[in-house]
Amino acid sequence: MTAISRRRPGLRSIAALTCGALAAGGLVAAGVAALEPEAARASSHREAPLISGQPQYDNTDVYAFVSPDKADTTTIVANWLPFEEPAGGPNFFKFADDAQYDVHIDSDGDAQGDLLYRWTFKDHVKNGDTFLFNTGPVTALDDPDLNVRQTYDIDLLRLRDQHVISTTKIAADLPVAPSNVGKASMPDYRALRDQAVRELPSGATAFAGQADDPFFLDLRVFDLLYGGDLSEVGRDTLSGYNVNTIALQVPTEHIRQSEAQPVVGIWSTTQRRNAQGDFTQVSRLGMPLVNEVVLPIKDKDKFNASAPWNDGDFLQSVTNPELPKLIEAIYKIKAPAEPRDDLVSVFLTGVDKLNKPPHVKPAEVLRLNTAIEPAGDPKRLGVLDGDNSGFPNGRRLTDDVVDIALQVVEGELLGQKNDLGDAVDENDQKFDRSFPYVALPTAGSRGPLAKGDKAQEGGRSLLTGGAAVAGSTRDNSGTVLLTSAAAAAAGVVLVGLGLTWWRNRRRNMRY
């Protein structure tokens, strides 16, 4: 007992010295991190408290439009998993294999789905004994070097009064386009994306995989509406981030009720399997920005678990919205009079003589009049700029829904003309001209290549990246790194002194 008690102070002293040494290096290392700009983390994608912690199940956006290059078809694009950092390995981004990703179609305006397209995903890992996502350059979706991959099925459910009357599997074991790891891992990512576009026997075309986030806006709106200084707008906060996309192009006649009633309502949901093995709806999205800036916090999780036919529960938030009052308080722009019946038509019923079906039941869904041909020269402000094939008649990838929504909320449809907007008018990446239309995802190795490691150039490689090359010019960050290294070295010296002291103490205790 006495021997043990005498040894403990020595052990504690070594532990203290070790921790102190590590802390000395760690504090300086923390200083390095503090020098880096903080990446934006607020997102309108993260619209409700519960789902913000479950990104694999979080719907970010839904788009629906008459296909510009195939006018007899309708394209639906739905995205999940917001803010994918392209270099976020080694566990890159995939769809959840315990979820049902659904797109609902209401063809008669009664707020109940008549068709439901359901995606389910399955994981495949070739070698579980490596940490690598891919073990070599990947040139095809069935390349043996693609170590982690996914496949998916699509089922078409036909419903009546929310009861399934038939289920048809329209696709099975289709490949998912993987995360774009980088140019060394995937030297021709477009070829991989093209391989993931599949024509189905039903006449539809399908795609699932990673894509550049097509939503463009300045998310600093959540910093007290740009902090009262509109000169700060203009930065696309989602630039450089990716999402996981599912896209389906279907013959329009398959989803509309008839030529006489061509308006369809579209929304997406996610169901997650719970501990009992049952599926529970955890996310829902139709019209953009509704759950984000129309509904109050107390209703956000409820909305994500709800169905459109119950949207009367949220009517008060639409007819008496909070946003115009905030804009009036900060920018002194007079809020339109309430109740806001104009917002009801945009967000709940569809606009009369544009995309409002007969006998409509108010519901928060994306309404598309499939009889309106796509514009040859799309206008980013859609209907507000005389382009009836754009938002709020469906939603195209190029529609500037933030500017449109701001102007409508401030009374554009009531005669209160305004030009409000966030000064982000287009996506940072160009969209494709053919299905699936979304832009290629940003690669994990998107930055410039490192310079050569010649000493006179001050270059550094993986082999010399831990220290500056002799004779090179160092910036402040290099100085901090050297300071950190020096602190770590000092820590090693302290640990060594501690060990020497402890050994001498033990040697004295023996005699």
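## The second largest cavity

Among the 14 residues lining the second largest cavity, F93, K94, Q150, V176 and P178 lie nearest its centre. A cavity here is a set of points, on a 1 Å grid over the protein atoms alone, where a 1.4 Å probe fits but cannot get out, and lining residues have an atom within 4 Å of a point. The volume of this cavity is about 110 Å³, taken as the space filled by probe spheres set on the points.

Strand 5 (148-160) and strand 8 (205-212) each supply at least two lining residues, with strand 5 giving the largest share, three residues. Strands are DSSP runs of E with at least two residues, helices runs of H or I with at least four.

## About the model

This is a predicted model, in which local features need pLDDT of at least 70 and side-chain atom pairs pLDDT 80 or more, while totals for chains, interfaces and linings use all residues. Numbering starts from 1 along each chain as its sequence is written, and side-chain values use heavy atoms, leaving out hydrogens and water.

## The largest cavity

The largest cavity holds about 130 Å³ of space. Helix 7 (323-331) and helix 3 (224-227) each bring at least two residues to its lining, and helix 7 gives the most, with three.

## A look at T245

Let's turn to one residue. T245 sits in strand 9 (residues 242-251) and counts as buried because its relative accessibility is 0%, buried meaning under 20%. Its side chain makes a polar contact (N or O atoms within 3.5 Å, one able to donate a hydrogen and the other to accept it) with the side chain of N79, at 2.6 Å.

Technical notes. Buried < 20%, exposed > 50% of the residue type's maximum accessible area, 1.4 Å probe, protein only. 1 Å grid on protein atoms, 1.4 Å probe; cavity = no way out; pocket = protein on both sides within 12 Å on 5 of 7 lines; lining within 4 Å.
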